[in-house]
Amino acid sequence: MRTRSVLTLAAAVAALSLPAVAPASAADSAVLTTGGTGGTAVAVGDQLTASLKAGTSATLYSSASGSSGVACTSSTFTATVTDNPAAPGTARESVTGHTFDPSSCTSNVVGVLGVNSIRIDNLPYDATVTSDGTLTVTPPAGSVIQTTVQLRTLLGSVTCVYRAPQLTGKADNADNSITFTNQQFTKASGSSLCFSNGYFTARYAPVTDGGSAVFVN
């Protein structure tokens, strides 16, 4: 009887001393993956790309609740992954390109006939993506996020420059998208045809790495 008690106690102590083995989960993966949540880690140096979600427009309106301004149906961004740690965590990217096709852009501002160009200045920008899907875009130290819009008017071309200290967006694994909603820019220069504030809204989807959809963990 004593021998059995000693053996039982020893087995219990041994069981308590063994490390717990948890099943694999998204928490064991990187922040950015392809193939699904908890999938293959996106490699540092990979380039991510996305265009506007089909059927949507990128807009720069004069107010957060209005519909007066500029709208484009073709826009693309590219970003290079600079850090992709284990989840939960914060992945880092360098936004190297953000373009708008002026032929897809229209304006309903009184006196404006069309859009000649939209240019994103001061690239590259830094970007972080946290495990909860929050995306933050910031300019280089001492710089600003800047958009230059050239409008075609009855009196010729008008250039409007808008600036923002940073942009905040949200990633969604449902459609592998990144959404910006009413991100405020302030006019730095331009004529009276350039509204004093620009509110940027756009949904880019899907975000891909070499053609494979990117998930946030």
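Leu154 is exposed, because its relative accessible area is 68% (buried means under 20%, exposed over 50%, partly exposed in between, with a 1.4 Å probe and protein chains only). The model is predicted: local features need pLDDT of at least 70 and side-chain atom pairs count only at pLDDT 80 or more, while totals for chains, interfaces and linings use all residues. Residues are numbered from 1 along each chain as its sequence is written, and side-chain values use heavy atoms, with hydrogens and water left out.

Leu154 sits in the loop between strand E12 (145-153) and strand E13 (156-164); strands are DSSP runs of at least two residues, numbered from the N terminus. Together with Leu113 and Leu155, Leu154 makes a nonpolar surface patch of about 420 Å² (patch residues have over 30% relative accessible area and no salt bridge, and nonpolar side chains are joined within 5 Å).

In strand E10 (residues 125-130), Tyr125, Ala127 and Val129 form the covered face, and Asp126, Thr128 and Thr130 the uncovered one. In a regular strand, side chains alternate between the two faces of the sheet.

E10 runs antiparallel to strand E7 (residues 90-100), with six bridges (pairing requires at least two DSSP bridges). Val129 of E10 stands opposite Ala91. Four bridges join E10 to strand E11 (residues 134-138), also antiparallel, and Ala127 stands opposite Val137.

## Asn182

Asn182, in strand E15 (residues 177-189), is partly exposed at 31% relative accessibility. Beyond its neighbours within four places in sequence, Asn182 contacts Ala64, Tyr199, Phe200 and Thr201 (heavy atoms within 4.5 Å).

Notes: Patches are made of residues with over 30% relative accessible area and no salt bridge: like charges are joined within 9 Å, nonpolar side chains (Val, Leu, Ile, Met, Phe, Trp, Tyr) within 5 Å. Accessible areas come from the Shrake-Rupley method with a 1.4 Å probe; for residues, only the protein chains shown count as cover. A salt bridge is a side-chain nitrogen of Lys or Arg within 4 Å of a carboxyl oxygen of Asp or Glu.
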